[in-house]
Amino acid sequence: MSFIENPKTYTGHDLETIFFRPMLAGPSAQELGVRILYNMPTPTTVQLWEPQGNILQKYASAGWSGGVAATKAQKTITLERVKAELGFAAADYFSMVYEQIVGHAGASLDDLSGTELEAAETELFKRAIAEAIRATMWVGDTSLDEGFNTFNGFLTLMAQCVESGDITPYQYASTVLDSPEGAVELFDKVWEQADDRLKDLKGEGQLALFVTSDIYHLYEKYLDSKGADSAYMEMVNGRPTLAYHGIPIIDLHIGSYLKDSLLPGSCCLLTDRRNLVLAVNTADFPGTEVRMWYNPDLMENRQRATFMAGCEILDERIVSLAQLRA
(Lines give C-alpha, C1' and ligand atoms only; values in the text may rest on other atoms or scores of the structure.)
Protein backbone atom coordinates (compact mmCIF):
# COMPACT_ATOMS: atom_id res chain seq x y z
CA MET A 1 0.00 0.00 0.00
CA SER A 2 3.00 2.29 -0.10
CA PHE A 3 2.07 3.84 -3.44
CA ILE A 4 -1.47 4.65 -2.33
CA GLU A 5 -0.12 6.37 0.77
CA ASN A 6 1.99 8.76 -1.30
CA PRO A 7 0.23 12.16 -1.54
CA LYS A 8 -0.58 13.45 -5.02
CA THR A 9 -1.55 16.98 -6.03
CA TYR A 10 -2.74 18.07 -9.46
CA THR A 11 -2.72 21.76 -10.39
CA GLY A 12 -2.46 23.87 -13.53
CA HIS A 13 -1.95 21.90 -16.74
CA ASP A 14 -2.12 18.48 -15.02
CA LEU A 15 -5.41 19.38 -13.37
CA GLU A 16 -6.89 20.26 -16.76
CA THR A 17 -5.52 17.40 -18.88
CA ILE A 18 -5.80 14.56 -16.36
CA PHE A 19 -9.03 15.38 -14.55
CA PHE A 20 -11.42 17.89 -16.05
CA ARG A 21 -10.92 18.10 -19.80
CA PRO A 22 -11.56 14.35 -20.35
CA MET A 23 -14.88 14.79 -18.49
CA LEU A 24 -15.90 17.95 -20.33
CA ALA A 25 -14.83 17.25 -23.91
CA GLY A 26 -15.50 14.65 -26.60
CA PRO A 27 -17.93 11.76 -25.96
CA SER A 28 -18.19 12.53 -22.25
CA ALA A 29 -19.46 16.04 -22.97
CA GLN A 30 -21.83 14.81 -25.69
CA GLU A 31 -23.44 12.42 -23.21
CA LEU A 32 -24.39 15.41 -21.03
CA GLY A 33 -26.42 16.74 -23.96
CA VAL A 34 -25.80 20.43 -23.20
CA ARG A 35 -23.29 23.12 -24.14
CA ILE A 36 -20.04 22.99 -22.16
CA LEU A 37 -17.80 25.98 -21.51
CA TYR A 38 -14.53 24.98 -19.88
CA ASN A 39 -11.99 27.46 -18.52
CA MET A 40 -13.56 30.47 -20.17
CA PRO A 41 -12.38 33.74 -18.55
CA THR A 42 -14.35 34.74 -15.46
CA PRO A 43 -16.84 36.27 -15.26
CA THR A 44 -17.99 33.89 -17.98
CA THR A 45 -20.18 35.69 -20.50
CA VAL A 46 -21.93 34.52 -23.65
CA GLN A 47 -22.70 36.93 -26.47
CA LEU A 48 -26.12 36.59 -28.12
CA TRP A 49 -26.73 38.18 -31.50
CA GLU A 50 -30.09 38.73 -33.13
CA PRO A 51 -29.59 39.81 -36.76
CA GLN A 52 -32.22 41.84 -38.52
CA GLY A 53 -34.94 39.66 -40.00
CA ASN A 54 -35.05 41.28 -43.44
CA ILE A 55 -32.17 43.38 -44.79
CA LEU A 56 -33.20 43.24 -48.44
CA GLN A 57 -34.27 46.55 -50.01
CA LYS A 58 -35.35 47.70 -53.42
CA TYR A 59 -32.41 48.91 -55.47
CA ALA A 60 -33.93 52.13 -56.74
CA SER A 61 -31.26 54.77 -56.21
CA ALA A 62 -27.66 55.27 -55.11
CA GLY A 63 -26.69 56.03 -51.53
CA TRP A 64 -26.67 54.29 -48.18
CA SER A 65 -29.88 53.15 -46.59
CA GLY A 66 -28.64 50.59 -44.11
CA GLY A 67 -30.89 49.76 -41.21
CA VAL A 68 -30.35 49.44 -37.50
CA ALA A 69 -27.40 47.35 -36.36
CA ALA A 70 -27.94 43.81 -35.18
CA THR A 71 -29.22 43.48 -31.62
CA LYS A 72 -26.61 42.25 -29.15
CA ALA A 73 -27.37 40.72 -25.77
CA GLN A 74 -25.01 39.38 -23.14
CA LYS A 75 -25.62 36.66 -20.57
CA THR A 76 -23.32 36.20 -17.61
CA ILE A 77 -22.98 32.75 -16.08
CA THR A 78 -22.58 32.87 -12.33
CA LEU A 79 -19.81 30.53 -11.21
CA GLU A 80 -19.77 29.23 -7.65
CA ARG A 81 -16.73 27.97 -5.79
CA VAL A 82 -17.24 24.30 -4.99
CA LYS A 83 -15.28 21.44 -3.56
CA ALA A 84 -15.61 17.67 -3.69
CA GLU A 85 -14.33 15.48 -0.86
CA LEU A 86 -14.23 11.73 -0.37
CA GLY A 87 -12.81 9.64 2.44
CA PHE A 88 -12.37 5.86 2.56
CA ALA A 89 -11.01 3.46 5.14
CA ALA A 90 -7.60 2.35 3.91
CA ALA A 91 -8.58 -1.32 3.53
CA ASP A 92 -11.77 -0.53 1.59
CA TYR A 93 -10.01 2.02 -0.57
CA PHE A 94 -7.23 -0.40 -1.51
CA SER A 95 -9.85 -3.00 -2.53
CA MET A 96 -11.66 -0.47 -4.72
CA VAL A 97 -8.45 0.60 -6.45
CA TYR A 98 -7.41 -3.02 -6.90
CA GLU A 99 -10.72 -3.75 -8.64
CA GLN A 100 -10.04 -0.95 -11.10
CA ILE A 101 -6.60 -2.37 -11.90
CA VAL A 102 -7.58 -6.00 -12.46
CA GLY A 103 -10.24 -4.86 -14.93
CA HIS A 104 -7.52 -3.81 -17.38
CA ALA A 105 -6.13 -6.39 -19.77
CA GLY A 106 -2.49 -7.26 -19.19
CA ALA A 107 -2.39 -6.09 -15.57
CA SER A 108 0.06 -8.04 -13.44
CA LEU A 109 -0.89 -8.19 -9.77
CA ASP A 110 2.62 -9.30 -8.90
CA ASP A 111 4.18 -6.17 -10.37
CA LEU A 112 2.02 -3.11 -9.92
CA SER A 113 3.72 0.17 -10.71
CA GLY A 114 2.93 3.47 -9.07
CA THR A 115 1.54 4.71 -12.39
CA GLU A 116 -1.11 1.97 -12.51
CA LEU A 117 -2.20 2.66 -8.95
CA GLU A 118 -2.31 6.39 -9.58
CA ALA A 119 -4.43 5.92 -12.73
CA ALA A 120 -6.90 3.73 -10.81
CA GLU A 121 -7.14 6.26 -7.97
CA THR A 122 -7.67 9.06 -10.45
CA GLU A 123 -10.38 7.17 -12.33
CA LEU A 124 -12.38 6.54 -9.16
CA PHE A 125 -12.35 10.20 -8.17
CA LYS A 126 -13.07 11.42 -11.72
CA ARG A 127 -16.22 9.29 -11.87
CA ALA A 128 -17.47 10.67 -8.57
CA ILE A 129 -16.82 14.30 -9.63
CA ALA A 130 -18.40 13.78 -13.06
CA GLU A 131 -21.62 12.37 -11.58
CA ALA A 132 -21.81 15.12 -8.95
CA ILE A 133 -21.47 17.79 -11.66
CA ARG A 134 -24.06 16.08 -13.87
CA ALA A 135 -26.60 15.77 -11.05
CA THR A 136 -26.09 19.32 -9.78
CA MET A 137 -26.35 20.59 -13.35
CA TRP A 138 -30.01 19.52 -13.30
CA VAL A 139 -31.28 19.50 -9.70
CA GLY A 140 -28.87 21.88 -7.96
CA ASP A 141 -30.53 24.40 -5.64
CA THR A 142 -28.50 26.87 -3.57
CA SER A 143 -31.43 27.45 -1.21
CA LEU A 144 -31.13 23.92 0.21
CA ASP A 145 -29.29 23.33 3.46
CA GLU A 146 -27.77 20.08 2.21
CA GLY A 147 -27.62 17.90 -0.85
CA PHE A 148 -26.95 19.35 -4.30
CA ASN A 149 -26.76 22.97 -3.18
CA THR A 150 -23.48 24.25 -4.62
CA PHE A 151 -25.01 25.98 -7.68
CA ASN A 152 -28.44 26.26 -9.27
CA GLY A 153 -29.21 23.60 -11.88
CA PHE A 154 -31.32 23.93 -15.02
CA LEU A 155 -34.54 22.72 -13.39
CA THR A 156 -34.17 25.21 -10.55
CA LEU A 157 -33.49 28.02 -13.03
CA MET A 158 -36.59 27.01 -14.97
CA ALA A 159 -38.66 26.97 -11.78
CA GLN A 160 -37.51 30.56 -11.16
CA CYS A 161 -38.51 31.47 -14.74
CA VAL A 162 -41.93 29.89 -14.19
CA GLU A 163 -42.36 31.93 -11.01
CA SER A 164 -41.38 35.15 -12.78
CA GLY A 165 -43.63 34.39 -15.76
CA ASP A 166 -40.80 34.06 -18.32
CA ILE A 167 -41.77 30.41 -18.92
CA THR A 168 -45.34 29.13 -18.92
CA PRO A 169 -45.30 25.34 -18.50
CA TYR A 170 -47.93 22.85 -19.51
CA GLN A 171 -49.13 21.34 -16.22
CA TYR A 172 -50.16 17.71 -16.52
CA ALA A 173 -51.88 15.41 -14.04
CA SER A 174 -50.38 12.12 -12.88
CA THR A 175 -53.12 10.28 -14.81
CA VAL A 176 -51.34 11.25 -18.04
CA LEU A 177 -48.61 8.78 -17.07
CA ASP A 178 -51.06 5.90 -16.64
CA SER A 179 -50.87 4.84 -20.30
CA PRO A 180 -48.02 4.71 -22.84
CA GLU A 181 -49.84 7.22 -25.04
CA GLY A 182 -49.25 9.78 -22.28
CA ALA A 183 -45.62 10.19 -23.37
CA VAL A 184 -46.65 11.07 -26.91
CA GLU A 185 -49.23 13.50 -25.54
CA LEU A 186 -46.52 15.33 -23.60
CA PHE A 187 -44.21 15.48 -26.61
CA ASP A 188 -47.02 16.96 -28.68
CA LYS A 189 -47.88 19.50 -25.98
CA VAL A 190 -44.36 20.85 -25.59
CA TRP A 191 -44.09 21.15 -29.37
CA GLU A 192 -47.47 22.85 -29.79
CA GLN A 193 -46.82 25.45 -27.08
CA ALA A 194 -43.24 26.10 -28.22
CA ASP A 195 -42.34 29.53 -29.55
CA ASP A 196 -42.01 29.71 -33.33
CA ARG A 197 -38.34 30.60 -32.90
CA LEU A 198 -37.80 27.28 -31.17
CA LYS A 199 -39.65 25.33 -33.86
CA ASP A 200 -37.62 27.03 -36.59
CA LEU A 201 -34.42 25.69 -35.00
CA LYS A 202 -35.38 22.08 -35.74
CA GLY A 203 -33.62 22.21 -39.10
CA GLU A 204 -30.28 22.87 -37.37
CA GLY A 205 -30.42 19.46 -35.67
CA GLN A 206 -29.77 20.70 -32.13
CA LEU A 207 -33.24 20.34 -30.61
CA ALA A 208 -33.64 17.72 -27.89
CA LEU A 209 -36.35 16.46 -25.55
CA PHE A 210 -34.98 16.14 -22.01
CA VAL A 211 -37.26 13.89 -19.96
CA THR A 212 -37.32 12.16 -16.59
CA SER A 213 -37.00 8.38 -16.59
CA ASP A 214 -40.73 7.73 -16.08
CA ILE A 215 -41.58 9.48 -19.36
CA TYR A 216 -38.69 7.80 -21.16
CA HIS A 217 -39.89 4.37 -20.03
CA LEU A 218 -43.46 5.25 -20.97
CA TYR A 219 -42.38 6.10 -24.51
CA GLU A 220 -40.49 2.80 -24.74
CA LYS A 221 -43.71 0.98 -23.80
CA TYR A 222 -45.56 2.96 -26.46
CA LEU A 223 -43.06 1.83 -29.09
CA ASP A 224 -43.27 -1.77 -27.82
CA SER A 225 -47.01 -1.75 -28.41
CA LYS A 226 -46.58 -1.25 -32.15
CA GLY A 227 -47.32 -4.48 -34.01
CA ALA A 228 -44.25 -4.55 -36.23
CA ASP A 229 -41.32 -6.93 -36.42
CA SER A 230 -38.89 -4.07 -35.78
CA ALA A 231 -40.76 -3.15 -32.58
CA TYR A 232 -40.46 -6.76 -31.36
CA MET A 233 -36.73 -6.86 -32.12
CA GLU A 234 -36.17 -3.55 -30.37
CA MET A 235 -38.14 -4.74 -27.34
CA VAL A 236 -35.88 -7.80 -27.11
CA ASN A 237 -32.55 -6.15 -27.91
CA GLY A 238 -33.24 -2.69 -26.50
CA ARG A 239 -32.85 0.69 -28.16
CA PRO A 240 -29.57 2.60 -27.86
CA THR A 241 -31.31 5.93 -28.50
CA LEU A 242 -34.88 7.20 -28.85
CA ALA A 243 -36.29 10.04 -30.92
CA TYR A 244 -39.68 11.58 -31.64
CA HIS A 245 -40.22 13.06 -35.09
CA GLY A 246 -36.46 13.27 -35.51
CA ILE A 247 -35.85 15.00 -32.16
CA PRO A 248 -33.55 12.99 -29.83
CA ILE A 249 -34.97 12.06 -26.42
CA ILE A 250 -32.51 12.23 -23.51
CA ASP A 251 -33.19 10.43 -20.24
CA LEU A 252 -32.00 12.69 -17.43
CA HIS A 253 -31.47 9.81 -14.94
CA ILE A 254 -32.22 12.04 -11.96
CA GLY A 255 -35.16 10.19 -10.36
CA SER A 256 -33.29 9.35 -7.17
CA TYR A 257 -32.06 12.94 -6.84
CA LEU A 258 -35.49 14.51 -7.36
CA LYS A 259 -36.81 12.65 -4.31
CA ASP A 260 -34.69 14.87 -2.07
CA SER A 261 -35.46 18.15 -3.86
CA LEU A 262 -38.31 20.65 -4.03
CA LEU A 263 -38.65 20.20 -7.81
CA PRO A 264 -41.47 18.35 -9.60
CA GLY A 265 -40.74 14.64 -9.78
CA SER A 266 -41.58 14.39 -13.48
CA CYS A 267 -41.02 16.76 -16.41
CA CYS A 268 -40.46 17.03 -20.15
CA LEU A 269 -38.37 19.81 -21.67
CA LEU A 270 -37.91 20.82 -25.31
CA THR A 271 -35.10 23.24 -26.17
CA ASP A 272 -31.97 23.70 -28.22
CA ARG A 273 -28.97 21.91 -26.70
CA ARG A 274 -26.89 25.08 -27.10
CA ASN A 275 -29.37 26.99 -24.95
CA LEU A 276 -28.40 25.08 -21.80
CA VAL A 277 -24.87 25.99 -20.73
CA LEU A 278 -22.67 24.36 -18.09
CA ALA A 279 -19.51 26.31 -17.25
CA VAL A 280 -16.58 24.86 -15.30
CA ASN A 281 -13.41 26.73 -14.45
CA THR A 282 -10.19 25.37 -12.96
CA ALA A 283 -7.89 28.20 -14.02
CA ASP A 284 -9.11 31.49 -12.49
CA PHE A 285 -9.80 30.39 -8.91
CA PRO A 286 -6.76 30.63 -6.59
CA GLY A 287 -6.12 27.34 -4.87
CA THR A 288 -7.88 25.21 -7.49
CA GLU A 289 -6.47 21.71 -7.28
CA VAL A 290 -7.11 18.00 -6.89
CA ARG A 291 -5.34 16.46 -3.91
CA MET A 292 -5.19 12.81 -2.79
CA TRP A 293 -3.46 11.79 0.43
CA TYR A 294 -3.39 9.26 3.25
CA ASN A 295 -4.28 10.22 6.83
CA PRO A 296 -2.31 7.84 9.08
CA ASP A 297 -4.08 8.95 12.28
CA LEU A 298 -7.48 7.81 10.99
CA MET A 299 -6.10 5.22 8.54
CA GLU A 300 -8.15 6.87 5.83
CA ASN A 301 -7.47 7.72 2.20
CA ARG A 302 -8.82 11.15 1.32
CA GLN A 303 -9.48 13.00 -1.92
CA ARG A 304 -10.39 16.65 -2.47
CA ALA A 305 -11.07 18.77 -5.55
CA THR A 306 -11.71 22.52 -5.62
CA PHE A 307 -12.97 24.36 -8.72
CA MET A 308 -15.76 26.67 -9.98
CA ALA A 309 -18.98 25.66 -11.74
CA GLY A 310 -22.32 27.12 -12.76
CA CYS A 311 -25.29 26.79 -15.14
CA GLU A 312 -27.38 29.18 -17.18
CA ILE A 313 -30.30 29.17 -19.60
CA LEU A 314 -29.34 31.59 -22.35
CA ASP A 315 -32.78 32.34 -23.78
CA GLU A 316 -35.97 31.48 -21.90
CA ARG A 317 -38.01 32.12 -25.05
CA ILE A 318 -36.76 28.93 -26.69
CA VAL A 319 -37.72 26.67 -23.78
CA SER A 320 -40.92 24.65 -23.79
CA LEU A 321 -41.68 22.84 -20.54
CA ALA A 322 -44.24 20.33 -19.31
CA GLN A 323 -44.19 19.39 -15.63
CA LEU A 324 -46.24 17.34 -13.23
CA ARG A 325 -48.98 19.37 -11.59
CA ALA A 326 -48.26 20.01 -7.91
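Me: How do S10 and S14 run, and how many bridges join them?
Reply: S10 and S14 run antiparallel, joined by 5 bridges. Strands are DSSP runs (E, at least two residues) and helices are DSSP runs (H or I, at least four residues), numbered from the N terminus. Two strands pair if DSSP finds at least two bridges between them. Within S14, Val-319 is the bridge partner of Thr-271.

Me: Before we go on, what sort of model is this?
Reply: This is a predicted model, where local features need pLDDT of at least 70, side-chain atom pairs count only at pLDDT 80 or more, and totals for chains, interfaces and linings use all residues. Residues are numbered from 1 along each chain as its sequence is written, and side-chain values use heavy atoms, with hydrogens and water left out.

Me: Thanks! How does S7 pair with S10?
Reply: The pairing of S7 with S10 is antiparallel, over 5 bridges. Val-211 stands opposite Cys-268 in S10.

Me: Is S10 mostly covered or mostly open?
Reply: S10 is mostly covered, with 6 of its 6 residues buried. Buried means under 20% relative accessible area, exposed over 50%, and partly exposed in between (1.4 Å probe, protein chains only). Cys-267, Leu-269 and Thr-271 point one way, while Cys-268, Leu-270 and Asp-272 point the other way.

Me: What's the strand order in the open sheet?
Reply: The order of its 6 strands is S6-S14-S10-S7-S9-S8, and the pairing is mixed. S6 (170-172) and S8 (242-244) stand at the edges with a single partner strand each, so one side of each has no neighbour in the sheet. From one strand to the next, the twist averages 25°.

Me: And which helix packs on that sheet?
Reply: That's H9 (residues 213-224), which touches S6, S7 (207-211), S8, S9 (247-251) and S10 (267-272). Contact means heavy atoms within 4.5 Å. The direction of H9 makes about 80° with that of S8; axes are lines fitted to C-alpha atoms, for helices over the stretch in contact, and angles run from 0 to 180 degrees between N-to-C directions.

Me: Which residues line the largest cavity?
Reply: Among them are Leu-155, Met-158, Cys-267, Leu-321 and Gln-323. The largest share, 4 residues, comes from H6.

Me: How about the largest pocket, what's its volume?
Reply: About 630 Å³. Its lining has 29 residues, of which Ser-28, Gln-30, Glu-31, Leu-32 and Arg-134 lie nearest its centre. H5 gives the largest share of that lining, 9 residues.

Notes
1 Å grid on protein atoms, 1.4 Å probe; cavity = no way out; pocket = protein on both sides within 12 Å on 5 of 7 lines; lining within 4 Å. Points joined across faces, edges and corners; volume = space filled by probe spheres on them.
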